[in-house]
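Subject: Structure handover

Hello,

Here is the structure I promised. Please open it beside this message and follow along.

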Amino acid sequence: MGIQKDVAKFNVGGRIFETTATTLAKAGRDSFFGALFDDNWDLQQQQNNQQEIFIDRNPECFAVLLDLLRTDYLDIPDNVPRKLLYKEAMFYGLMDHVRSANCNIKFNVGGRIFETTAKTLAKAGRDSVLGALIFDDNDNWDLITDRDPDCFAVLLNLLRTGDLYIPDNVPERLLYREAIFYGLVDHVRSAMWDPLDGNRLKLSKSQSVTRYGAATRTAIRAGQAGGCCVADGRMVRVFDGMLEEQPPINLDYQDVNDMGWINAENVLVSACEGPREGEGGIGLFSSSTGDLKHKFNVVHDNQVKGYTGGGLSFSPDYKIFASCKGKIYNEYGIGVWDQITGKQIDFFYETSLRPRRSLGDAGKLQWLNGSNCLLVSTFFLEDTCYMSLLDFRQKKTVWSWSDITENNERRVRDVIAIEECNSVCAVNKSEDLGFLDLRTGAGRMRWRRMEKWTSTSKACYPKLALHNGQLFLSMHDSISVYCGPHWVLTSRLRTSNGGLVCDFSIGGDRLFVLHGRENTFDVWETPPLLRRAGHGLIDDCSGLSI
């Protein structure tokens, strides 16, 4: 029968409203008004035939929402609080209409008046301060008044156009801080550079790192917000998304073994057990102050025990995994903690079936989300590598491998699991790539000969990483990129004059490359594709050699 042109009457808080079935049907079947229609979209008989439908809600808000259904325009009078209007819209099931409406919103930021639309604010996302104004019922209006107006203008134009233009009078660091406040850092980053692509990377900066002595353990870890942290013996240097150095994390007497970013505000550090009770293990530190915020305990036989923390990994369901080495052999294994509560929730112990210390001494952990398993890799000084795939649900090892049967030149230096291919990629002392099928038992590694490098300096161990289907391999002073089903070499990044690559890390759409000789790390980014009329997309990427 279709939608009829019946007239519906409402008594909302004592005020009478009349509208048509056609207008009400715009609210959708799942809304308050959708329940007034039958299955054929005919307006059902009103109460007592001629009487209006009574709704004990705010009439001023009802009038605004009814006009929104009529005109697709949201006009909010001064006497209607926006927070109250949003609550009423949620009651009637009209929040989607409010978010998509052509609604002008005014701000007073630092004494300067801005006007924009709800559609523009919706681009900020639900988790942002601006997005919360239309997605949530929180009253955030007072939060954004006393901020920098010039930065707000830049960020608002970014939401409007998708382009980032920074005037000379706006310091980039101030803009970055304001973007953090508004929850727009991801928008700023995506406007400045594209998602990381190993075949289009461009060297954007070389950053010096202050060193305070010879470091026995040197590593770099990228953060999700574009920053990084650098391990230097017993210190961790922290750099924010603008690559400005923050107060360091000082562990006094414990060497750093591994690091990882929980989020932009928190860095997890694992360290050797110290000479005093309670030193070492794993701690959560503030990335902005370097202060210890939480220490993760290991409990054996209902007693808190000291331990050395090793390799770290994280899972999407907020679990922390770490290799743990206690004072005695039966305190070796993989510990598991809850990121939210900081409490230990599991421990996978060494067994006599496994090579001694292969879990407690593990230097690299990788969580495999597709199989819900943890790949544990241990590289001993005697050049032997052990790999184990642990299933914590069944509390057993489902796969293991060792290079003990390989000749000395093929001893493994680093590994990375490639879940999409059900395989593990390894690099050996001879800098060959090898591939091992995870679906088989103790199979043999299939090695592939690579181009050899000549260097007069002492070589650093090669390292592997995987990002968006691209395989990255560090060799001497370069990073090689492999792509495709057969992992063909597609790019080679020669870095700055900092010397050999001792570590690299990918995160926040940046590639960080740490050098050993000149105490520097390089930052590589993917420039945005430029669009010119009549010429399509142009890749503005220089400084790359293949």
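This is a predicted model: local features need pLDDT of at least 70, side-chain atom pairs count only at pLDDT 80 or more; totals for chains, interfaces and linings use all residues.

Start with the open sheet of 4 strands in the order β29-β30-β31-β32. Its pairing is antiparallel. The edges are β29 (463-467) and β32 (488-494), each of which pairs on one side only. From one strand to the next, the twist averages 25°. Inside this sheet, look at β30 (residues 470-475) and β31 (residues 478-483). They pair in the antiparallel sense over 5 bridges.

Now a second sheet. This one is also open, with 4 strands in the order β25-β26-β27-β28. Pairing here is antiparallel. The twist averages 25° from one strand to the next. Strand β27 (residues 433-437) is joined to β28 by 3 bridges, and the two run antiparallel. To find that pairing on screen, pick G434: its bridge partner is W447 in β28.

Next, strand β19 (residues 333-338). Is it buried or exposed? Of its 6 residues, 5 are buried, so the strand is largely enclosed by the rest of the structure.

- Strand β18 (residues 319-325) runs antiparallel to β19, and 6 bridges join them. I320 has W337 in β19 as its bridge partner.
- Strand β20 (residues 344-349) pairs with β19 in the antiparallel sense, over 5 bridges. G333 stands opposite Y349 in β20.

β19 and β20 also form a hairpin, with 5 residues between them. Check G342 in the turn: its phi is positive, at about 80°.

Then go to G281, in strand β13 (residues 281-286). G281 is buried, because its relative accessible area is 3% and the cut-off for buried is under 20%. Which residues does G281 touch, leaving out those up to four places away in sequence? They are V269, S270, A271, C272, Y307 and G309. K325 is 44 residues from G281 along the chain, and their C-alpha atoms are separated by 9.0 Å. K325 falls in β18 (residues 319-325), the strand bridged to β19.

Now the helices. Helix α2 (residues 59-71) packs with helix α3 (residues 82-92) at an angle of about 65°, and their axes are 10 Å apart. The two are therefore roughly perpendicular to each other. The crossing of α2 past α3 is right-handed. From α2, the residues in contact are C61, F62, V64 and L65. From α3, they are L84, L85, E88, A89 and Y92. By type, this contact divides into 8 nonpolar, no polar and 1 charged.

Last, the chain as a whole. How many helices and strands are there? The chain has 9 helices and 37 strands. It has 546 residues, and 51% of them count as buried. Take the contacts between residues at least 6 apart in sequence: 48% of these join residues at least 24 apart.

Over to you.

Best wishes

Technical notes. Residues are numbered from 1 along each chain as its sequence is written. Side-chain values use heavy atoms; hydrogens and water are left out. Axes are lines fitted to C-alpha atoms, for helices over the stretch in contact, and angles run from 0 to 180 degrees between N-to-C directions. Angles under 35 degrees count as roughly parallel, over 145 as roughly antiparallel, 65 to 115 as roughly perpendicular and the rest as oblique. A crossing is left-handed if the near helix is turned anticlockwise from the far one by less than a right angle, and right-handed if clockwise. Contact means heavy atoms within 4.5 Å. Ala, Val, Leu, Ile, Met, Phe, Trp, Tyr, Cys and Pro count as nonpolar, Asp, Glu, Lys and Arg as charged, and the others, Gly among them, as polar. Two strands pair if DSSP finds at least two bridges between them. Buried means under 20% relative accessible area, exposed over 50%, partly exposed in between (1.4 Å probe, protein chains only).
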